[in-house]
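I opened this entry to keep track of what I looked up, one topic at a time. The notes follow the order in which I checked things.

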Amino acid sequence: MEKQNNQEYLTAIQAAFGADVLAHEEAFGMLNVELTPARIHDAIAWLQQHQDLSVNYLTNIAGIHYPDAAGREFAVVYQLHSWKNNLRLRIKGYLPKENVHIATITDLFAGANWMERETYDFFGIIFDGHPDLRRILNMDDMDYFPMRKEYVLEDATREDKDDRFFGRNNNEL
Amino acid sequence: MSQDLKDVIQAADPANVATINFGPTHPSTHGIFQNILKVDGEKIISSEQTVGYIHRAFEKLAERRPYNQITPITDRLNYCSSPINNIGWEMTVEKLIGVDIPKRVQYMRVIIMELARIADHLICNSVIGVDAGALTSFFYPFSEREKIYELYEELSGARLTTNMGRIGGFERDFTPVFHEKLKSFLKTFPKAFEEFDSMLARNRIFMDRTKGAGPISAERALSYSFSGPNLRAAGVDYDVRAMNPYSSYEDFDFIIPVGVNGDTYDRFMVRQEEIRQSLRIITQAYNNLPEGDYKADLPDFYLPAKSDVYNNMEALIYHFKIVMGETELPVGEVYHAVEGGNGELGFYLISDGGRTPYRLQFRRPCFIYYQAYPEMIKGLPISDAVLTLSSINVIAGELDA
């Protein structure tokens, strides 16, 4: 069988999930597909079961915080890998800050357990149905989610490190 | 798990169950992690892990640092094979900015990364020996690792946290001393390594201790997103070097050894064979080392020579621009993976065009596979749990980031 490429993956995902495919792009050769968060679990399960697409390996799960994007402040990125076609792809879901819930995929990949715990620990994203959603790298009594952009790492008043001098305008942070 | 072990677990009388701490600071954990074990006599019924003791917030730190200042952070992930982390990160940035790396640099990187893999596997395997009670086989390979560290030193000035190379190549070319030491290493290492191998590989006591200790099936290992030697020991031949070749790995002839049972002995044997294969790769790369420059032509990222900075206005400007992080960067997101000592070490970098990453996530193989540890040691005696821990080679720096 011919190895499938990004376009065929995209066509198959669009055919199966239609209106739930909100956006897609190819970034540095890797297919990115944005889906309705509520459908991500089903989509990953479908990709895993699919005979030709055969997405068998969960590479990692990443959280991202975009404080300025109203209604889509948090992104959950699943990087998946199909060994059969040697193709990597990203499934992305954007969550509003008022409702940072997404279904767990620990039932599909045992390894998702700690990856989701880590994402919870740093971004506060709640993975519904996770068997043991606790902090993992930080202390249990920490009362904030440190990777969110509002928690600035070091002395932000230092003028020499002011982002304005480097072509970036995000001083509200 | 055999049936009689299952019976032991089921029959465990609550009155006989003891809760003990394995770690956080225990000689045989080789790092700071805690496991709270529930045991019935010697048999482990369940365990619970606590990690994060040396969490240093690398991902947060990376969001406030220009790209060239992130390389020293990567040193401290898997500190047994820092150069692989350094070079993996540099290649990620090079992918983002889209630069052609000279063939010579690629081959030099392969040599360094494979030396690092040898050092990493050598320590892991000799530590398995220690945990099985064989101390000689631990001290013996240290003189060999020392030679690798001297090679690092020759190229970067450092031994453990190497900060090897730069974005675009190396800080300096292989020096005459490096050539001399590498040649002598390639000559003497195989013999010393086979002596080390003969101490353990077919040693009856070692085999009895390690066979069947901490097994994991290929299916479970895949579900847990295992990678590297631990996955290959379970019989799955996934290796980033072969699957997505980077830095010209496609030019070299090497095999990917796999195990059968996924137990401690198989992990040991897979690493031993990988050391031999790494040596093959180094020999091929060194014998065919192309002529050329040791760095790409990349004035926006690669610091100019000091003599130029002192005498040449343009070089001084570039120097300032690089140090102050005033370089224009493309917007985009890249994922780049290399085969680290413990498996697929990935860098997921999101750039918004600013001088620091908007988000940088490390895919740390240790963190991902260590969660399978309770499943692997269930029903085993504590002594096997110790062996399992050392054979999956959990490095605290990479685990906690």
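Predicted model: local features only at pLDDT ≥ 70, side-chain atom pairs only at ≥ 80, totals over all residues.

**Entry: chain B as a whole**

I went through the secondary structure of chain B and listed 19 helices and six strands. The radius of gyration of chain B is 22 Å, close to the 21 Å from the globule rule for 401 residues, so I wrote chain B down as being as compact as a globular protein of that length. Along the principal axes, the C-alpha atoms of chain B fill a box of roughly 80 × 45 × 35 Å. I then looked at contacts in chain B with a separation of 6 or more, and 71% of them are between residues 24 or more positions apart.

**Entry: chain A as a whole**

For chain A I listed three helices and seven strands. Going along the sequence, I read their order as α-β-β-α-β-β-β-β-α-β. Chain A has 173 residues, and 38% of them are buried. Of the contacts in chain A between residues at least 6 apart in sequence, 49% join residues at least 24 apart.

**Entry: one glycine in chain A**

I picked Gly63(A), which sits in strand β3 (residues 57–65) of chain A.

**Entry: where the chains touch**

How many residues does each chain bring to the contact? I noted 35 residues from chain B and 30 residues from chain A. On the side of chain B that touches chain A, the elements that each supply at least two residues are α2 (58–62), α10 (218–223), β4 (331–340), β5 (343–352), β6 (359–363) and α16 (365–370). β4(B) gives the most to this side, with four residues. By class, the residues on this side of chain B are 13 nonpolar, 10 polar and 12 charged.

**Entry: helix α13 of chain B and its partners**

I started with helix α8 (residues 176–200) and helix α13 (residues 264–287) of chain B, whose axes are 11 Å apart at an angle of about 165°. An angle over 145 degrees counts as roughly antiparallel, so that is how α8(B) runs relative to α13(B). The crossing of α8(B) past α13(B) is left-handed. From α8(B), the residues that meet α13(B) are Leu182(B), Leu186(B), Phe189(B), Pro190(B), Phe193(B) and Asp197(B). From α13(B), they are Gln272(B), Ile275(B), Leu279(B), Ile282(B), Thr283(B) and Tyr286(B). I sorted this contact by class and got nine nonpolar, two polar and one charged residues.

Next I took α13(B) with helix α18 (residues 382–391) of chain B; their axes come within 9 Å and cross at roughly 25°. Angles under 35 degrees count as roughly parallel, so α13(B) and α18(B) get that label. α13(B) passes α18(B) in a left-handed crossing. The contact is made by Thr264(B), Arg267(B) and Phe268(B) of α13(B) with Leu387(B), Thr388(B) and Ser391(B) of α18(B). Its classes are two nonpolar, three polar and one charged.

**Entry: loop residues in chain B**

I looked up Lys211(B) in the loop between α9 (204–210) and α10 of chain B. Lys211(B) has 14 C-beta neighbours inside 10 Å and counts as partly exposed. Beyond four places in sequence, Lys211(B) is in contact with Asp263(B) and Tyr265(B). Asp263(B) is 52 residues from Lys211(B) in sequence, and the two are 6.3 Å apart, C-alpha to C-alpha.

Which backbone angle did I note for Asn163(B)? It is phi, which is positive at about 45° although Asn163(B) is not a glycine. Asn163(B) lies in the loop between α7 (142–156) and α8 of chain B. With 18 C-beta neighbours inside 10 Å, Asn163(B) is partly exposed.

Ser248(B), also not a glycine, has a positive phi near 65°. I placed Ser248(B) in the loop between α12 (240–243) and α13 of chain B. Ser248(B) has 16 C-beta neighbours inside 10 Å and counts as partly exposed.

Conventions
Residues numbered from 1 in each chain as written. Chains lettered and ligands numbered in written order. Rg over C-alpha atoms; globule rule 2.2 N^0.38 Å. Contact = placed C-beta atoms within 7 Å. Axes fitted to C-alpha atoms, helices over the stretch in contact; angles between N-to-C directions. Parallel < 35°, antiparallel > 145°, perpendicular 65-115°, else oblique. Left-handed = near helix turned anticlockwise from the far one by under 90°. Nonpolar A, V, L, I, M, F, W, Y, C, P; charged D, E, K, R; others polar. Buried ≥ 20, exposed ≤ 12 C-beta atoms within 10 Å, placed from the backbone.
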